Amino acid sequence: RIRTTHDSPIPLTHENTGRALLDSAILYHARAHWHCHLFLLMPDHLHALLVFPPDKKMSSVIGTWKSYHAKQHGILWQDNFFDHRIRNDTEFQEKATYI
C-alpha cells in the first residue's frame, strides 16, 4: 500500500492524475522495473501486487516512481510504503482477492 498525506491536494482517482499513475505503472511494467499483477487506485492510497527483479531494490523503484509523480502531479506521499512478502499461491490469492 502506498498512501498520500492527509493534505494531498489531488485525489489519486482524479481523472488526469489517475490516468498518469496507471500509465506509469504500465510503463514500469513494460520496462521491467516491476511486474504488475494488480494496481488499484483509491482516493488517498493505492494497492498493488508487484514483483521486483532481483537486481532492483524495491524501495528505490517505488521511491523513484513516487518522486516523479510528486514533482509532475503535486501528489504528497507519506514516507515509505507498506509491503508484504507473498510466500505462496494461497497468500497471493488472498491478497489479490482483498485488492
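Hi everyone. Let me start with a working definition: a residue counts as buried under 20% relative accessible area, as exposed over 50%, and as partly exposed in between. Ala-32 has a relative accessible area of 42%, so this residue is partly exposed. Please keep in mind throughout that we are looking at a predicted model.

Let's stay with Ala-32 for a moment. You'll find this alanine in the loop between helix 1 and strand 2. As background, most residues other than glycine have a negative phi. Which other residue shows a positive phi near 60° without being a glycine? That would be Asn-80. Asn-80 sits in the loop between helix 2 and helix 3, and with a relative accessible area of 59% this asparagine is exposed.

In what order do the three strands of the open sheet lie? The order is 1-3-2, and the pairing is antiparallel. Strand 1 and strand 2, the latter covering 35–41, are the edge strands, and each of them pairs on one side only. In general, strands of a sheet pair through backbone hydrogen bonds.

Let's take the two pairings in turn. Strand 1 pairs with strand 3, residues 45–51, in the antiparallel sense over two bridges. Here Ile-2 has Leu-46 of strand 3 as its bridge partner. Strand 2 and strand 3 also run antiparallel, and they are joined by six bridges. On this side, Leu-41 is bridged to Leu-46 in strand 3. If you trace the chain from strand 2 to strand 3, you go through a hairpin of three residues.

What lies across strand 2 and strand 3? Helix 3, made of residues 89–98, does, and this helix runs at about 155° to strand 3.

The axes of helix 1, residues 15–30, and helix 2, residues 58–73, come within 12 Å and cross at roughly 145°. The crossing of helix 1 past helix 2 is right-handed. On the helix 1 side, the contact is made by Ala-20, Leu-21, Ser-24, Ala-25 and Tyr-28. Helix 2 brings Val-61, Thr-64, Trp-65, His-69 and His-73. Sorted by class, this contact has six nonpolar residues, four polar ones and no charged ones.

While we are on helix 1, have a look at Thr-17, which lies in this helix. Is Thr-17 buried or exposed? Thr-17 is buried, because its relative accessible area is 4%, and the cut-off for buried is under 20%. Beyond its neighbours within four places in sequence, Thr-17 is in contact with Ile-10, Pro-11, Leu-12 and Ile-75.

I'd like to finish with Arg-3, back in strand 1, residues 2–3. Its relative accessible area is 24%, so Arg-3 is partly exposed. Setting aside neighbours within four places in sequence, Arg-3 is in contact with Asp-44, His-45, Trp-77 and Gln-78. With one of these, Asp-44, the contact is polar: side chain to side chain, at 3.3 Å.

Methods: Residues numbered from 1 in each chain as written. Predicted model: local features only at pLDDT ≥ 70, side-chain atom pairs only at ≥ 80, totals over all residues. Heavy atoms only, no water. Helix = DSSP H or I, 4+ residues; strand = E, 2+ residues; numbered from the N terminus. Buried < 20%, exposed > 50% of the residue type's maximum accessible area, 1.4 Å probe, protein only. Contact = heavy atoms within 4.5 Å. Polar contact = N/O pair within 3.5 Å; in protein donor to acceptor, adjacent residues only side chain to side chain. Axes fitted to C-alpha atoms, helices over the stretch in contact; angles between N-to-C directions. Left-handed = near helix turned anticlockwise from the far one by under 90°. Nonpolar A, V, L, I, M, F, W, Y, C, P; charged D, E, K, R; others polar. Pairing = 2+ DSSP bridges.
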